[in-house]
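Me: Could you go through the pockets and the surface of this one with me?

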Amino acid sequence: MTETPVEKPFKIFLAALASTFCFSIMYIFVKYAGKTHSPVEIMFFRNFFSLIPTAAIMFYTGQWALFRPKNPVGLFLRSLSGTIAMYF
């Protein structure tokens, strides 16, 4: 099996480390907010605040096509199953 060459492995390492740190911080805030807020509120604000940097990155890179799903029915079913799973 051949490996794909990586141009900047240190940059990739730092991005993975930053991602792990951000997910850890988010986990702490979700646990803290879970004491006083409903799961629906936590889910909404978690997704809303993650949309802000995502949109900024997409604007910076010009990849707006990522907002158009290739399979809208599948995306709808996934969101519906996630919503239903929250209540059971």
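This is a predicted model: local features need pLDDT of at least 70, side-chain atom pairs count only at pLDDT 80 or more; totals for chains, interfaces and linings use all residues.

Me: How much space lies in the largest pocket?

Reply: About 660 Å³, where a pocket is an open set of points on a 1 Å grid over the protein atoms alone, reached by a 1.4 Å probe, with protein on both sides within 12 Å along at least five of seven lines, and lining residues have an atom within 4 Å of a point. The volume is the space filled by probe spheres set on the points, which are joined across faces, edges and corners.

Me: Which residues lie nearest its centre?

Reply: Of the 16 lining residues, Met26, Arg46, Asn47, Phe49 and Ser50 lie nearest the centre of the largest pocket.

Me: And which helix gives the most to that lining?

Reply: That is α2, with 10 residues, helices being DSSP runs (H or I, at least four residues) numbered from the N terminus.

Me: Switching topic, which residues make the nonpolar surface patch?

Reply: Val40, Val73, Phe76, Leu77, Leu80, Ile84, Tyr87 and Phe88 make a patch of about 880 Å², with six residues, the largest share, coming from α3. Such patches join nonpolar side chains within 5 Å, from residues with over 30% relative accessible area and no salt bridge (a Lys or Arg side-chain nitrogen within 4 Å of a carboxyl oxygen of Asp or Glu), and areas come from the Shrake-Rupley method with a 1.4 Å probe.

Note on methods. Residues are numbered from 1 along each chain as its sequence is written. Side-chain values use heavy atoms; hydrogens and water are left out. Helices (H or I, at least four residues) and strands (E, at least two) are DSSP runs, numbered from the N terminus. Patches are made of residues with over 30% relative accessible area and no salt bridge: like charges are joined within 9 Å, nonpolar side chains (Val, Leu, Ile, Met, Phe, Trp, Tyr) within 5 Å.
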